[in-house]
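Please consult the sequence and the structure shown below while reading.

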Amino acid sequence: MKVYQTNEIRNIALVGGARCGKTTLAEALLLHGGVINRRGNVDDKNTVSDYRDIELERQNSIYSTVLYAEYEGVKFNIIDCPGFDDFIGEVVGALRVADTAVMVLNAQNGVDVGAEIQWRWIKKMKKPAVFVVNQLEHDKANFDEMMRQLKQYFGNSVTTIQYPINAGIGFDTIIDVLKMKMIKFPVDGGTPEISDIPDSEKDKAEELYNVLIENAAENDEALMEKFFEEGTLTEEEIKKGLHLGIKEGSVFPVMCISAKMDQGVTTLMDFIKDSCPAPNEVAFDKTDKDKELKCDSKEPLSAFVFKVTTEQHLGEVAFMKLYNGEISESMEVVNANNGSKERISQLLCIAGKNREKVEKACAGDIIATIKLRNVGAQHTLNSTKNSDDIIPSTVFPEPKFRTAVRAKNTSDDEKLGAVLSELRKSDLTLLVEQSKELKQMILSGQGEQHLNIIKWIIEKINKIEIEYFSPKIPYRETITKSAESMYRHRKQSGGAGQFGEVHMLIEPYFEGMTPQNKYPIRGTETHDLSWGGKLVFNNCIVGGVIDTRFMPAILKGIMERMEDGPLTGSYARDICVNIFDGKMHPVDSNEMAFKLAGRNAFREAFKNAGARILEPIYDVEVYVPSENMGSVMTDLQGRRAVVMGMDSDGSYQIIRAKVPLAEMNKYSTSLSSITSGRASYGMKFADYQQVPADVQSALLKAYEESQEDED
Ligand SMILES: Nc1nc2c(ncn2[C@@H]2O[C@H](COP(=O)(O)OP(=O)(O)OP(=O)(O)O)[C@@H](O)[C@H]2O)c(=O)[nH]1
Ligand SMILES: [Mg+2]
């Protein structure tokens, strides 16, 4: 393959709602891009992009697939993304490295939920976008309604470049408003026939042409001036204005295709080639040190590994985008994230089983390599000159669905752990945590479907039977008032005895608290607890009634009890302990005795200090279509949510609320059923708050019962 220069590269992500035809379009792009000579079909399970077992079984995309096509001197790097909302992480990962989002829409459905959700990411990540209305030959295709909705949802920057004149069965003709020509597509590919616009379409075409000129002119002062003076622009000038508008995100062009019939695909490729930005024309990414990566081949190499997959006959494949510099075979590179030195053995362009070797790739290109030793997704590979510049990781959506998992056969537990960490390498929205606290393995992902796919893979591919079950909630315990206690540990059994007596005063800890002044503090230690919150340990001993050397043992005893909270065995936090008195025995006192005395004195004091259970509270942000607002609010109230604010965004409302994690179980599933899948949400840990009294009694009762069961 020839070496493509930066300006000859277009990096596009095919995005859009579920089953709108992205993979079918990808197949046509590969055909016209000379990678395959026969198009596969999703329904026949033979596309290049949906090749994984799970995708073949479900007949939809689960993972994004990196592909390429060579078309008229331009290399298209194509990332075909899954449309279903649970796989949004794949879309976010693809948008990160794409320079244009090509949003495919199904002409039968209007703007669907998936498109709306993905649009929010496109906006957030400030990516140029092109809308491609697909399935125009379908009998239910309705282009005018699609345009109405596109403008309603995404605003007036949505600009018609093409419109069909015979959408529905028999579709084959469009008016191209940019070229001001009629284009007729032969059925199933072939060179389009270009002719003059018939009289019947002239008025409509003129009207749209004028809108297009205005939208194009707005992006450049000189063009604007000329437009005002002469009332029109040449095709080249419109193209220039469009190009500027697309890369600035002020024009979102609309194109027309039928991917299934391979109609309009080469026209779309021409448009992307001519009007969409090359990698060095978009906003530059920055390194962790805020240095702009200008996508310049002359700079030292900075490549971002955005995806790692395992491919048949190749092993682990790393896909990277070059944000600066060039990469070539047998080059030495440094992994900036871990310092490991790597030699590039082969550079490949991969589209499924089609793999082409290249000697060199330039800035802006997306390229694959194999046999790296110590490189994972989100790592930066640099030349040896700039080895410590790191390209920041992609910020993926927070997990929304958590479950506990175990192998049905406990002997498979270890294998399960290994399989999950392998899966995590290629799916960065899957979080795996072996919780020491909950004594459960917790999986978190983007939704129930996401985790069901993971289960399918583990059971069918890795042959480990697993089960999902309710995850425990990481409660905490704390106190609300001061209390004193005294505990004497004395043991006399034959030989040497044990003796230690500790008196303590405990108080609730909070930032800026005024410590008690009943017992003068002679020494203080503040411990940040690994499970959150603090323990302040004050030594108020006078007259050496407890030797200083026993203080660490007392602290250790308290810590042990805090790890196994006196109420329900949950971690305790935010407590200030003052040791103010005690007794020693000249022979029998030792560290063990004081540890036990400290531990038990703490438990006694805790019980009298207004002990409360705390629960994790999450900040939840829900995007709801306005018409579903009422039912979503009612549902949230049933989950003990406290609504913090509301905003509107087009036809959507954004609800911000604080909700206890215990109430968020299966929220994604129920939100989806209340809103027919039209809402989406994100959640992030906020803080711990006391549970209401009735919840506390229920938790105490449940804990008591579980202890009885164990006895
Ligand atoms: N009639 C018609 N059907 C199409 C067209 N494009 C795709 N389809 C069909 O729509 C279904 C989904 O197509 P895919 O290409 O898998 O859609 P996708 O967007 O990749 O789906 P996900 O990746 O699962 O979100 C398949 O049955 C396709 O044959 C089209 O232009 N016209
Ligand atoms: Mg697909």
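The lining of the largest pocket comprises 23 nonpolar, 10 polar and 14 charged residues, where Ala, Val, Leu, Ile, Met, Phe, Trp, Tyr, Cys and Pro count as nonpolar, Asp, Glu, Lys and Arg as charged, and the others, Gly among them, as polar. This is a predicted model, in which local features need pLDDT of at least 70 and side-chain atom pairs count only at pLDDT 80 or more, while totals for chains, interfaces and linings use all residues. Residues are numbered from 1 along each chain as its sequence is written, chains are lettered from A and ligands numbered from 1 in the order in which they are written, and side-chain values use heavy atoms, with hydrogens and water left out.

**Overall architecture**

- The protein chain has 711 residues, of which 55% count as buried; buried means under 20% relative accessible area, exposed over 50%, and partly exposed in between (1.4 Å probe, protein chains only).
- Its secondary structure comes to 16 helices and 38 strands, taken as DSSP runs numbered from the N terminus (helices: H or I, at least four residues; strands: E, at least two).
- The C-alpha trace of the protein chain spans about 110 × 60 × 55 Å along its principal axes.

**The largest pocket**

- The largest pocket holds about 1300 Å³ of space.
- Its lining consists of 47 residues, and Leu438, Lys472, Ile473, Pro474 and Tyr475 are the closest to its centre.
- Two or more lining residues come from each of strand 24 (401-407), strand 25 (431-435), strand 26 (440-445), strand 35 (612-625), strand 38 (680-690) and helix 16 (693-710).
- Helix 16 contributes the most to this lining, with six residues.
- On a 1 Å grid over the protein atoms alone, a pocket is an open set of points with protein on both sides within 12 Å along at least five of seven lines, a cavity is a set of points where a 1.4 Å probe fits but cannot get out, and lining residues have an atom within 4 Å of a point.
- Grid points are joined across faces, edges and corners, and a volume is the space filled by probe spheres set on the points.

**The second largest pocket**

- The volume of the second largest pocket is about 1100 Å³.
- It is lined by 39 residues, with Tyr51, Arg52, Asp53, Thr310 and Glu311 the closest to its centre.
- Helix 2 (53-58), strand 14 (302-311), strand 20 (354-358), helix 10 (413-426) and helix 11 (448-461) are the elements that give two or more residues to this lining.
- The lining of the second largest pocket has 13 nonpolar, 12 polar and 14 charged residues.

**Surroundings of ligand 1**

- Ligand 1 is surrounded by 22 residues, and the closest are Lys22, Thr24, Asn60, Ser61 and Glu137; a residue is near a molecule if one of its heavy atoms lies within 4 Å of it.
- By class, this shell has six nonpolar, 11 polar and five charged residues.
- Helix 1 (residues 22-32) supplies the largest share of the shell, three residues.
- A polar side-chain atom of Thr23 lies 2.8 Å from an oxygen atom of ligand 1, and a polar side-chain atom of Ser258 lies 3.4 Å from an oxygen atom of ligand 1.
- A polar backbone atom of Lys260 is 3.1 Å from an oxygen atom of ligand 1.
- Ligand 1 exposes 640 Å² when taken alone, and the protein buries 93% of that; accessible areas come from the Shrake-Rupley method with a 1.4 Å probe.

**Cavities**

- There are nine cavities of 30 Å³ or more.
- The largest cavity contains about 140 Å³ of space.
- It is lined by 15 residues, of which Glu90, Phe306, Lys307, Phe396 and Ser426 lie nearest its centre.
- Helix 3 (88-97), strand 14 and helix 10 each give two or more residues to the lining of the largest cavity, and helix 3 provides the largest share, four residues.
- The second largest cavity contains about 80 Å³ of space, and its lining includes Ile62, Tyr63, Asp86 and Glu90.
- Helix 3 provides the largest share of the lining of the second largest cavity, three residues.

**A buried glycine**

- Gly245 lies in helix 8 (residues 235-248) and is buried, with a relative accessible area of 0%.
- The C-alpha atoms of Gly245 and Leu29 are separated by 24 Å, and the two residues are 216 residues apart along the chain.

How values were computed: A polar contact is a pair of N or O atoms within 3.5 Å; within protein, one must be able to donate a hydrogen and the other to accept it, and residues adjacent in sequence count only if both atoms are side-chain atoms.
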